[in-house]
Amino acid sequence: MPQRLLTNAKLVTLTETGDPYGLIEDGVLAIDGEAIGYAGSASDLPESFSGYPNENLNGRLVTPGLIDCHTHVVFGGDRAREFEMRLEGASYEEVARAGGGIVSTVKATRSASEDQLLEGALSRVDALIAEGVTGIEIKSGYGLDKETELKMLRVARKVGSLRPITVRTTFLGAHAVPAEYKDKADAYVSEVCLPTLEAAHAEGLVDAVDGFCEGIAFSPAQIAKVFDKAKALGLPVKLHAEQLSNLGGTALAASYGALSADHLEYLDEAGVEAMASSGTVAVILPGAFYTLRETQAPPVDLLRRHEVPMALATDCNPGSSPLASLLLAMNMGCTLFRMTPEEALAGVTREAAKALRLTDRGTLEAGKRADLAIWNVQHPAELSYRIGFNALEKRIFGGAE
């Protein structure tokens with residue numbers, strides 16, 4: 001197993017020590033196999049690590065590997081025409097009700113082969129890896145039938161076997177009502193969504209369960225049925241909530257101890273308080289806000305006040321967030337929502353790890369997994385400040401390059 005010292009480094013530990021970024025200017029990081037053996041000041045390096053091979057980083061910045069905790073990277077087709085429609089004045093809801101939106105991607109995804117879906121997903125994942133991403137969540141939800149939902153989840157698992165990246169899969173059968181069940185959402189949930197979840201779980205394809213709680217998707221009562229099944233199967237839940245309106249989905253998710261509630265533009269203080277009580281992470285998705293030209297931002301100040309952890313993600317998908325850059329998502333989180341650069345960086349490392357229950361990573365600490373990103377920058381704020389610029393020097397995954 002690899003053993004080495006990264007010396008002359010600036011360590012962004014993100015360990016919530018009270019110091020900004022948990023920054024250690026004269027840092028040394030010891031890699032011991034797949035784990036971090038030591039992360040701290042050079043002057044405090046234990047003698048037991050002094051004989052490790054030394055790599056001088058010449059003052060470069062080291063952060064935990066980045067984690068994209070909300071993506072839909074497995075899909076067929078594209079929705080560039082809908083992008084044009086929205087620019088011509090159509091709302092997201094109007095596009096969806098006209099047969100576009102998620103339903104149009106369903107048609108393309110159903111017709112795509114597993115190999116075609118894999119090829120497209122790998123192209124998007126490779127773009128994220130090139131920016132220092134070492135962990136990613138991949139959702140289903142563009143099949144909306146048993147065969148295609150399982151196909152998507154199998155492809156997501158293959159991504160993790162073909163690339164040096166940790167993949168967490170999420171079943172999103174309650175994403176939209178397919179055309180064949182128009183106006184029969186309850187029947188879709190009972191006849192398709194729940195049996196497919198059972199089949200996916202039996203095949204070992206599911207790490208968590210998600211839903212879309214919105215007027216154009218599913219009601220809180222329908223989502224509760226999905227969550228009840230997830231709970232019976234021992235699977236954690238998360239939820240697309242309060243993106244276009246406030247249906248109380250976040251409070252529902254919190255009542256199930258959800259890992260995260262995502263989007264949250266219309267979240268109220270009662271929902272924030274529910275998240276604070278349950279430990280549910282708020283996943284902020286500026287790519288969708290930007291693409292849909294929304295005007296109501298998520299209540300970042302309220303989330304701060306109630307000490308709800310905030311993660312950031314790309315929401316990479318073909319319709320509302322065709323974004324495959326987590327660095328750009330960080331800049332958007334700061335520029336559009338007034339998150340601080342420290343919050344943005346924590347949001348794609350420490351808090352994103354919480355949102356996926358990846359307890360062994362997200363900070364630079366002894367015992368944590370050695371997933372690292374090394375950057376050609378002088379200060380961590382540069383990672384959020386720059387637009388369209390990738391300062392990654394190298395990425396280390398489980399101790400290996």
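How far apart are the mean positions of the positive and negative charges in the protein chain? Hi everyone, let me start with that one. There are 37 positive and 54 negative charges, and their mean positions lie 4 Å apart. Please keep in mind that this is a predicted model.

Now the overall form. The C-alpha trace spans about 65 × 40 × 40 Å along its principal axes. For 401 residues, a compact globule would have a radius of gyration near 21 Å, and the chain has 21 Å, so the two agree. The secondary structure comes to 15 helices and 15 strands.

Of the 401 residues, 59% are buried. The chain exposes about 15,200 Å², with carbon and sulfur atoms supplying 50% of that area. As for contacts, if we take those between residues at least 6 apart in sequence, 71% join residues at least 24 apart.

Which residues of H4 are buried? They are Leu117, Leu118, Gly120, Ala121, Leu122, Arg124, Val125, Leu128 and Ile129. As a reminder, an α-helix has 3.6 residues a turn, so residues three or four places apart point the same way.

And what do those buried residues pack against? Their partners include three helices, H3 (102-111), H5 (146-162) and H12 (326-337). The strands they pack against are S6 (66-68), S7 (133-139) and S15 (392-396). Thanks, everyone!

Terms used
Residues are numbered from 1 along each chain as its sequence is written. This is a predicted model: local features need pLDDT of at least 70, side-chain atom pairs count only at pLDDT 80 or more; totals for chains, interfaces and linings use all residues. Side-chain values use heavy atoms; hydrogens and water are left out. Helices (H or I, at least four residues) and strands (E, at least two) are DSSP runs, numbered from the N terminus. The radius of gyration is taken over C-alpha atoms; the globule rule is 2.2 Å times the number of residues to the power 0.38. Buried means under 20% relative accessible area, exposed over 50%, partly exposed in between (1.4 Å probe, protein chains only). Contact means heavy atoms within 4.5 Å. Accessible areas come from the Shrake-Rupley method with a 1.4 Å probe; for residues, only the protein chains shown count as cover. Lys and Arg count as positive and Asp and Glu as negative; His and the chain ends are not counted. The place of a charge is taken as NZ of Lys, CZ of Arg, CG of Asp or CD of Glu.
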